[in-house]
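Here are my notes on the model. Please read them with the structure open.

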Amino acid sequence: MLDQLRGGISIYNRSGVIAELEDDLQRYFGARHAVLTSSGTAALYSMYAACGIGPGDEVIVPAYTFFATATPLLHLGATPVLADCDANGNLDPRDLPRRITDRTKAIVVTHMWGMPAQIRSLKRLADMYGLQLLEDASHAHGASVGGQKVGTFGRAAAFSMNGPKPLSAGEGGFVLTDDDEVYHRVLLHGQYNKRCRSEIPADSELHRYAVTGMGLKHRIHPLAAAVALEQLSRLDEYLDGRQRIAEHIAEELDELPGLMMPWNEPDAHSSWYGLTIQYDADSLDDVPIERFHAALLAEGCAEIDRPGSTCPLNLLPLFQEPGLLFPAFTGKLAYAPGDYPRAEEIHHATLKLPVWHREEDLSIVDRYIEAIRKVTEHHIELKG
Ligand SMILES: *Cc1c(COP(=O)(O)O)cnc(C)c1O
């Protein structure tokens with residue numbers, strides 16, 4: 001960090017820490033191109049713009065995701081069409097076909113809390129209908145299916161490197177793609193002038209726009225890139241540690257009534273951004289999740305969370321009545337509570353645990369397990 005502070009705090013071309021981190025990301029993911037951005041939101045925005053998504057287009061988005069998966073589409077004039085989720089909270093391939101119209105341009109999939117979505121089925125569907133498959137892999141750096149890392153299944157992928165994400169820059173993000181056209185257009189969207197001039201070939205029809213690009217600036221801060229560069233070299237070690245701890249938690253809690261652990265395909269590996277437990281009140285004498293959660297907090301499990309702002313998008317005013325902020329969408333987007341029963345049910349029943357990664361974290365993990373066991377065993381006292 002100090003070296004970078006001395007070396008330069010604005011980098012206009014693909015050099016220094018920017019080039020180093022992009023090269024390392026390309027190697028890590030086995031992707032031809034990586035472009036760093038100022039945030040995951042910016043990465044999503046640039047990815048959509050670069051994939052030609054514009055006014056009138058429809059893009060299928062999971063109902064259950066962080067809202068930034070969808071919000072950049074509004075800025076491009078494209079309509080997010082929500083689809084319901086599977087038992088893991090990921091986009092359900094079975095709910096997809098009925099959402100497709102002749103305006104559908106792409107499907108975007110989030111790998112919620114790090115658990116890979118059913119990406120092979122989704123890819124088959126996308127291919128069958130001639131749609132682009134895009135990934136929001138902001139929870140899932142290093143997660144994989146059949147040995148292939150998520151973020152490499154579709155035409156392009158966007159990642160966040162915000163504070164708590166599995167790979168962190170503090171603030172930052174990146175786009176991955178193997179497609180030269182998408183790469184050049186990502187540069188034009190948010191990395192104008194020097195990068196565009198030197199990286200878009202002179203014989204491309206896009207080259208003449210290099211100075212202005214599309215006029216937005218989404219460059220990452222070099223100090224943030226320096227943080228991520230250091231983190232990336234340890235990512236696999238962190239993920240191995242998380243895998244061990246997640247297995248330990250799941251093993252210990254699996255026997256308890258009313259708490260369902262996430263399932264995964266045998267060849268899918270989560271990044272364990274979070275471990276989500278589905279709370280089943282039926283098996284715990286109808287004790288409401290609110291009371292169960294409050295009891296866990298009272299036992300000191302301060303980091304067991306019921307996600308709030310990451311919720312089914314149909315519950316957010318922006319997707320119910322966008323007109324005050326996006327007049328062009330008046331009447332076009334009018335989602336309402338109840339539209340996505342599966343996503344809403346899963347959201348309501350989710351208790352999310354952090355997954356630590358160090359051997360010495362096991363002592364706190366075991367105290368969480370002990371507290372969860374205690375609250376479950378005594379749940380009857382929470383009634384009334
Ligand atoms: C964090 C996150 C984003 C947004 O990333 P920022 O870096 O905060 O802009 C988008 N999608 C998902 C799924 C995220 O978790």
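1. Where is Q191 found? Q191 sits in the loop between α6 (180–190) and α7 (194–199). Helices here are DSSP runs of H or I with at least four residues, strands are runs of E with at least two, and both are numbered from the N terminus.

2. Before going on, the ground rules. This is a predicted model: local features need pLDDT of at least 70, side-chain atom pairs count only at pLDDT 80 or more, and totals for chains, interfaces and linings use all residues. Residues are numbered from 1 along each chain as its sequence is written, and side-chain values use heavy atoms, with hydrogens and water left out.

3. Is Q191 buried or exposed? Q191 is buried, because its relative accessible area is 2%. Buried means under 20% relative accessible area, exposed means over 50%, and partly exposed is in between (1.4 Å probe, protein chains only). A polar atom of the Q191 side chain lies 2.9 Å from the backbone oxygen of L36. That is a polar contact (a pair of N or O atoms within 3.5 Å; within protein, one must be able to donate a hydrogen and the other to accept it, and residues adjacent in sequence count only if both atoms are side-chain atoms).

4. N88 lies in the loop between β3 (79–83) and β4 (104–110). N88 has 13% relative accessibility, so it counts as buried. A polar atom of its side chain is 2.8 Å from the backbone oxygen of W263.

5. Now the ligand. Around it are 15 residues, of which G40, T41, D136, S160 and K165 come nearest; near means that a heavy atom of the residue lies within 4 Å. Helix α3 (residues 40–50) gives the largest share of this shell, three residues.

6. Which ligand distances stand out for checking? A polar backbone atom of G40 is 2.7 Å from a ligand oxygen. For T41, an N or O atom of the side chain is 2.5 Å from a ligand oxygen. A polar side-chain atom of S160 lies 2.7 Å from an oxygen atom of the ligand. Taken alone, the ligand exposes 380 Å², and the protein buries 91% of that. Accessible areas come from the Shrake-Rupley method with a 1.4 Å probe; for residues, only the protein chains shown count as cover.

7. Last, I9. I9 is in the loop between α1 (2–7) and α2 (16–29). I9 counts as partly exposed because its relative accessibility is 47%.
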